[in-house]
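Biologist: Hi! Could we go through this structure together, one bit at a time?
Modeller: Happy to, ask away.

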Amino acid sequence: MTALSENLSKPVVASSRPAASKRRQRSWLALRGALDRLAAIIFMIVAWQLAAQFWIGEKWISTPVKIAERLWEMLLDGSLQIHTWETFKEAFVGLLMGVALGIVGGMILGLSRRLSEAIDPVLMGIYSLPRVSLAPMFVIWLGIGLLAKATLVASMVVFVVMLNVREGIRSIDRDHIDAFRSMNASRWMMWRHVMIPSMIPWLLASIRIGIGMALVGAVVGELIGASQGLGWYVSSSSSIYDMTGAFTALVVLMILAMIFNFALSLLEKRLMFWRPSVSS
Amino acid sequence: MTVLEAIRTPAAVDRAGASAPAKIEVANVTLRYTRKQDQSESTALDNVSLRVGTGEFLAIVGPSGCGKSTLLKVINGLLRPSEGSVRIDGKPVENVPDGVGFVFQSDGLLPWRTAEENVAIGATLAGRSATDARQRALELLTELGVQRAIGKHPHELSGGMRKRVALARTIAYEPKLYLLDEPFSALDAQTRIHVGNRFIKTLEEIGQTVIIVTHDLEEAIALADRVIVMSAAPGRIAAEFKIDLPRPRDYYQSRFHPDFRRQQQQLWDVLQREMAGELNS
């Protein structure tokens, strides 16, 4: 080996190591971000309280203080847990059903371009249809229990997942497939090492959208026909002009959405460690 | 270099070039394809014939888009020719044959696997058990001077390190034929010399048949026993030239060998005559 090439290997190493000061700056930025978020939440709560007391009126938008009191009461009498659990179950089971079906459907469509092109118009038609309008039918077919709402949720989630997974399969790096093919890898090896990992970012992105849809589906399902759940609580509170009750349920729904998203973020960190951009 | 010597073949002792028994025979291969955009038909390869001896180091040079990468994929069975045939060790290539290693222009490493996991996949596909494959991966990465890559994912590695990991993966697959598709084109000049040297030393050590595709004429002369020049699309073989620089070679230093300039000049003369003929016809 020549002296020239020996020397060349060194500068490459030095530049690839992040400096300690950079790391300190990054942790300061993370802390500042957290403080900013906290400040934004406090600002909104204070603004709401002031607007309710001095401007719009409590009977229209309730107040954060009253909502906090109601939350406490509901927690003590157990109704908070009952309604939240009901809505969580509907959204979660429906999300799982939708994601599972979407993965299978997306894989089939991604692998068969011909089938995909054949049913694309119909698929886009159903996708564009407001699925909420199916809710009354699901209630007729499946009753007012968990299954009807979970099915409604699944019907909303499934298409996003399916279209994303299809796109994920289509956009797999050609070189990865060729590299495996050139080494005579089995189909199973290809799926395990190339196809499934390539699909995961697309799948996670679709689940993120799906979470919002799942909660919409669960609440709409409860509006159509239910005897408990946060959606039911909103509608029954509204019907007796109990704005505090309606807003309390909305706040809980919001927290539920945040928990879902947080869980997904943890999953993303676990599954997408190899992507440098995700950590931010 | 014990690890590499283990997979050395007797054929490597004498790099006899084209006079050795044929490893690859490409006979009248034409490849046409239909463009997606306008459904027009294009010819990527036009009646290409070529014979590569066992243990030979062949370079294919040509302008971009001349079908040289396509030719490699045809030899590997990844693409099927419209006409003509390819034989490896006398057997016609129908699907992807065993024992052919391909190093891609992009390194083709899986971003979700660490360097040693990527290399271990090659060893697994060569029939090793999981623990054996991992052991082999660590050995090869050390051998190629990229111990630092161990435990890291491709995005944490420099371009030059990724190239060496990709070569390690291919070596782990224990091929009897190496196909390299512009392996250094994405590297800057200094890294190219460093990585190029690693490649040439390692490949000389292993001593298997190698075909390297490049658009760099000097690189081709510095590395190969024989250089084939392809014309612009549709790809045809325009000229062929034997290089007799002594081995072992050095990716960069070989260019200062007194015979290098002479050979480069001769090759250039052939090329000019070829190009002139092309313009007149």
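**Helix pairs and salt bridges**

Modeller: Let's start with α11(A) and α12(A), which are roughly antiparallel to each other because angles over 145 degrees count as that, while those under 35 are roughly parallel, 65 to 115 roughly perpendicular and the rest oblique. This is a predicted model, where local features need pLDDT of at least 70, side-chain atom pairs count only at pLDDT 80 or more, and totals for chains, interfaces and linings use all residues. Residues are numbered from 1 along each chain as its sequence is written, chains are lettered from A and ligands numbered from 1 in the order written, and side-chain values use heavy atoms, without hydrogens and water.

Biologist: At what angle do the axes of α11 and α12 of chain A cross?
Modeller: Roughly 160 degrees, and the axes come within 7 Å. Axes here are lines fitted to C-alpha atoms, for helices over the stretch in contact, with angles from 0 to 180 degrees between N-to-C directions. Helices are DSSP runs (H or I, at least four residues), and strands are too (E, at least two), numbered from the N terminus.

Biologist: What kinds of residues make the contact of α11(A) with α12(A)?
Modeller: Nine nonpolar, three polar and no charged. Nonpolar covers Ala, Val, Leu, Ile, Met, Phe, Trp, Tyr, Cys and Pro, charged covers Asp, Glu, Lys and Arg, and the others, Gly among them, are polar.

Biologist: Now chain B. How are α4(B) and α5(B) placed, relative to each other?
Modeller: α4(B) and α5(B) are oblique to each other, with axes that come within 9 Å and cross at roughly 130 degrees.

Biologist: Which residues of α4(B) meet α5(B)?
Modeller: B:R136, B:L140 and B:L141, which meet B:V165, B:A168, B:I171 and B:A172 (contact means heavy atoms within 4.5 Å).

Biologist: Switching topic: how many salt bridges are there over all chains?
Modeller: There are 24, a salt bridge being a side-chain nitrogen of Lys or Arg within 4 Å of a carboxyl oxygen of Asp or Glu. One of them joins B:E139 and B:R136 (3.5 Å, N to O).

Biologist: How far apart are B:E139 and B:R136 in helix α4?
Modeller: Three residues, so about one helical turn separates them.

Biologist: Is B:R136 buried or exposed?
Modeller: Buried, at 6% relative accessibility, whereas B:E139 is partly exposed at 32%. Buried means under 20% relative accessible area, exposed over 50%, and partly exposed in between (1.4 Å probe, protein chains only).

Biologist: And which residues are linked in a network of salt bridges?
Modeller: A:R174, A:D178 and B:K73.
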